[in-house]
Amino acid sequence: MKILYNVKLLLGILLIIFFSCDRKKTSSNGINIIETNLTGFVDPFIGTGGHGHTYPGATVPFGMVQVSPDNGISGWDWCSGYHYSDSKTIGFSHLHLSGTGIGDLTDIRVMPINKKVDLSLPVKSRDDIPYISKYSHANEKANPGYYSVFLEDFGIKAELTADLRTAFHRYTFNDGDDQSLILDLGYTVNWDKTVDSKITIEDKYTVSGFRHSTGWAKNQKVYYVLQFSKSINGYDLYKGNTKVEKSNTVRDTATSVQLFFNEVIKNQLEVKVGISSVSVENAKRNISEHKNNFEFDSVKERSETSWENVLSRITVDTEVDSLKTIFYTALYHSQIAPVTYSDNNGAFRKENDSILYANDYTAYSTLSLWDTFRAEHPLLILTAPDKVSDIIKSMLAYYEDKKILPVWTLYANETNTMTGYHSVSVIAEAYLKGIRDFDIEKAYVAMKQTMMQDERGLDFYKKYGYIPYELLDESVTITLEYAYNDWCVAQIAKALNKIEDYQYFIKRSEAYTHLFDKETGFMRGKNKEGTAWHEPFDPKFSAHRIHADYTEGNAWQHSWFVPHNVKGLIQLFGDKSSFVTKLEQLFTEDSKITGDNVSADISGLIGQYAHGNEPSHHIAYMFNKANMPWKTQYWVNQILKTQYNTTPNGLSGNEDCGQMSAWYVFSGLGIYPMNPASGEYEIGSPLFEKSTIKIKDGVDFIIEAEHVSDNNIYIQSATLNGKEINRSYITHQEIIEGGTLHFVMGSSPNKNWGVKN
């Protein structure tokens with residue numbers, strides 16, 4: 001007995017050693033990744049409540065498919081198709097937006113069911129849908145690359161997973177139940193509307209067709225193929241509200257089908273779904289690598305591994321698990337968009353219906369650039385540098401048609417939503433930070449031509465040096481953002497030795513000076529004569545997108561957007577003291593927002609600072625430029641602590657395709673790209689004892705925060721690779737060369753650290 005006991009003890013010790021040891025894997029970038037089960041810290045339900053607008057379903061990093069549940073309600077908080085406050089579902093669709101305020105997509109929706117229903121009945125709301133089911137969050141699970149839920153009305157366990165271009169479903173029925181699936185291409189939510197759809201029963205194992213829709217994306221075409229693990233032994237096809245007999249195909253603005261399957265022995269039905277913007281044949285090609293295999297568990301495992309590799313690009317050390325949950329969920333959300341758009345043969349559809357082939361790159365769409373140029377794209381340069389050039393090549397492909405770089409593209413449609421041309425910033429930042437696998441001369445022509453054309457107020461901007469308020473709504477925000485875009489063009493002109501262009505655009509980048517009212521300390525709307533401000537003036541006033549001088553905000557939030565020349569902004573105030581007094585007032589002012597049409601995007605308020613919307617995201621770091629970095633440290637720490645948590649309501653505003661989360665990732669590390677194209681990161685207040693950014697195989701950049709805690713939020717001293725550093729920024733070049741940035745933290749400000757003499 002003693003020998004047996006010792007053998008068991010030895011085996012136990014060996015097992016513990018095996019499972020506790022890190023195991024190496026290789027990422028798509030060729031970097032050796034240590035497997036540490038970081039996916040276990042990710043909670044995809046964070047952001048599905050409140051105004052986060054995220055979805056809990058399955059996708060892989062930058063995946064073409066996002067297979068996720070839909071509640072079936074039209075409403076702003078259901079922009080992703082799902083909201084945590086709900087407890088009913090109408091099925092699982094294959095395209096979703098992560099955290100936007102946009103109500104498109106939710107294409108190609110399927111729902112398992114255990115009984116025959118009548119799809120001809122009129123549907124006025126989701127409660128009229130005959131296949132709706134209740135569910136409980138207690139029986140719902142989400143991990144990176146996997147989602148499951150128990151459909152209470154039908155007794156079915158639904159499971160979802162995905163790879164890059166294919167979604168996988170597994171439905172487990174009760175023994176003896178009918179096994180059926182509904183495909184409904186007609187019912188829509190929010191402002192998405194089907195304009196044409198088709199369903200074809202190709203054979204006993206295959207259904208295909210398309211759904212064409214209009215909404216925010218005016219010309220969206222999705223082709224699909226469904227392949228089943230069991231044969232179809234019957235079906236009911238519907239054209240609108242009419243059942244179609246003796247046909248295997250139907251086409252209409254609203255089509256649907258109920259499929260019935262042979263039960264055989266197994267009580268599970270598996271489904272593979274491929275999609276394409278090009279054709280049914282390409283949808284088949286996108287799932288061709290799986291042939292006839294239904295390999296749900298192995299795909300789920302590969303999906304989890306892909307997420308593990310991505311998350312392992314940054315590791316953080318802390319004894320506070322909730323901080324790890326927030327951080328790794330943020331890192332997860334920051335790697336969902338942009339999404340793969342080209343098929344596995346390189347083909348993709350453009351807005352004008354031409355088909356292009358991305359022969360030497362992957363084409364991407366869902367470019368929410370007004371949001372993501374600020375921190376999301378800077379983060380991708382560190383975590384997914386292999387994707388950055390392809391994103392830029394995708395922008396240049398869109399440019400070829402209209403000779404203007406994209407503003408906000410969805411399914412290759414230019415939506416022209418939001419202000420500025422921040423594709424300019426993304427290109428400039430990438431090139432200046434060493435991403436060179438694209439044609440910079442072609443890109444520069446696109447940047448220059450975009451900023452020299454006359455659309456979206458640029459004609460007024462060029463004529464007056466700013467945009468007069470009586471000629472265009474949101475004139476202040478647009479002027480300030482064009483000024484920054486001009487600065488970005490100037491930097492590339494300088495790098496390419498185009499001196500005349502540099503001088504022209506650097507001069508135009510001073511447009512912000514025309515709108516600063518020294519008497520009030522705000523950027524304000526000015527008339528075309530340049531003689532009067534827009535009156536009456538209330539810096540707390542908000543009007544959402546109509547008759548407003550500011551975009552989704554007010555004067556308090558938008559007056560600080562001069563990231564390219566904070567020194568120049570300080571000079572407008574007169575001195576650093578006046579600047580800091582006004583800047584701190586932003587955080588301490590009461591949080592009242594005035595007006596009858598207040599933008600719902602103004603959320604996450606600390607004073608008048610609104611972290612729930614992107615225009616505020618850089619502001620707390622501006623104290624650094626006024627020689628008061630301890631104030632940056634304080635306010636950044638307050639934002640980190642109050643605007644994020646581990647609940648479904650854990651985001652204080654729209655996730656916006658990764659920007660809200662990318663802010664947390666950078667700020668949690670202790671750095672932030674206040675001016676993304678500058679090549680500098682402002683230093684804030686790190687959360688973790690140690691953070692490691694994997695630059696490339698064998699090269700890490702480590703950030704250490706000695707004594708950091710809830711109270712010890714202030715930097716006392718710092719060294720970079722053992723040498724004292726007494727400045728409030730670090731350069732991109734210093735980061736990618738690798739090394740260690742070491743902070744000593746304390747509970748009181750050191751007002752001598754990071755201050756220029």
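In this predicted model, helix α8 (residues 423-432) has Ser423, Val424, Ser425, Val426, Ile427, Ala428, Glu429, Ala430 and Tyr431 buried. Because nine of its 10 residues are buried, α8 is largely enclosed by the rest of the structure. The buried residues of α8 pack against α5 (369-372), α6 (376-383), α7, α9 and α11. After α8 comes glycine 434, which has a positive phi, near 95°.

Of these neighbours, α9 can be followed in detail. Two packed helices are described by the angle between their axes and the distance between the axes. For α8 and α9, the axes come within 10 Å and cross at roughly 150°. An angle over 145° counts as roughly antiparallel, so α8 is roughly antiparallel to α9. The crossing in which α8 passes α9 is left-handed. On the α8 side the contact is made by Val424, Ile427, Ala428 and Tyr431, and on the α9 side by Ile440, Ala443, Met447 and Met451. This set of residues divides into eight nonpolar, no polar and no charged. The four α8 residues named here, Val424, Ile427, Ala428 and Tyr431, are among the buried residues of that helix.

Helix α9 (residues 440-452) also meets helix α7 (residues 385-402), and here the axes come within 11 Å and cross at roughly 55°. At that angle α7 is oblique to α9. Again the crossing is left-handed, with α7 passing α9. From α7, the residues Leu396, Tyr399 and Glu400 take part, and they meet Lys442, Ala443, Val445, Ala446 and Gln449 in α9. The residues of this contact divide into five nonpolar, one polar and two charged.

Which residues of α12 (residues 499-508) are buried? They are Asp501, Phe505 and Arg508. These residues cover an arc of only 55° around the axis, which puts them on the same side of α12. The face turned away from that buried side carries Glu500 and Lys507, both exposed.

Threonine 325 lies in helix α4 (residues 321-333). Its relative accessible area is 17%; the cut-off for buried is under 20%, so threonine 325 is buried. Leaving aside residues up to four places away in sequence, threonine 325 touches Phe41, Asp43, Ile46 and Thr646.

The other residue is serine 180, in strand β12 (residues 180-184). With a relative accessibility of 1%, serine 180 counts as buried. Its contacts, again not counting residues up to four places away in sequence, are Met111, Pro112, Ile113, Phe173, Gln258, Leu259, Phe260 and Phe261. How far apart are serine 180 and methionine 111 in sequence and in space? They are separated by 69 residues in sequence and by 8.6 Å in space, C-alpha to C-alpha.

Terms used
Residues are numbered from 1 along each chain as its sequence is written. This is a predicted model: local features need pLDDT of at least 70, side-chain atom pairs count only at pLDDT 80 or more; totals for chains, interfaces and linings use all residues. Side-chain values use heavy atoms; hydrogens and water are left out. Axes are lines fitted to C-alpha atoms, for helices over the stretch in contact, and angles run from 0 to 180 degrees between N-to-C directions. Helices (H or I, at least four residues) and strands (E, at least two) are DSSP runs, numbered from the N terminus. Angles under 35 degrees count as roughly parallel, over 145 as roughly antiparallel, 65 to 115 as roughly perpendicular and the rest as oblique. A crossing is left-handed if the near helix is turned anticlockwise from the far one by less than a right angle, and right-handed if clockwise. Contact means heavy atoms within 4.5 Å. Ala, Val, Leu, Ile, Met, Phe, Trp, Tyr, Cys and Pro count as nonpolar, Asp, Glu, Lys and Arg as charged, and the others, Gly among them, as polar. Buried means under 20% relative accessible area, exposed over 50%, partly exposed in between (1.4 Å probe, protein chains only). The arc is that of the directions from the helix axis to the C-beta atoms.
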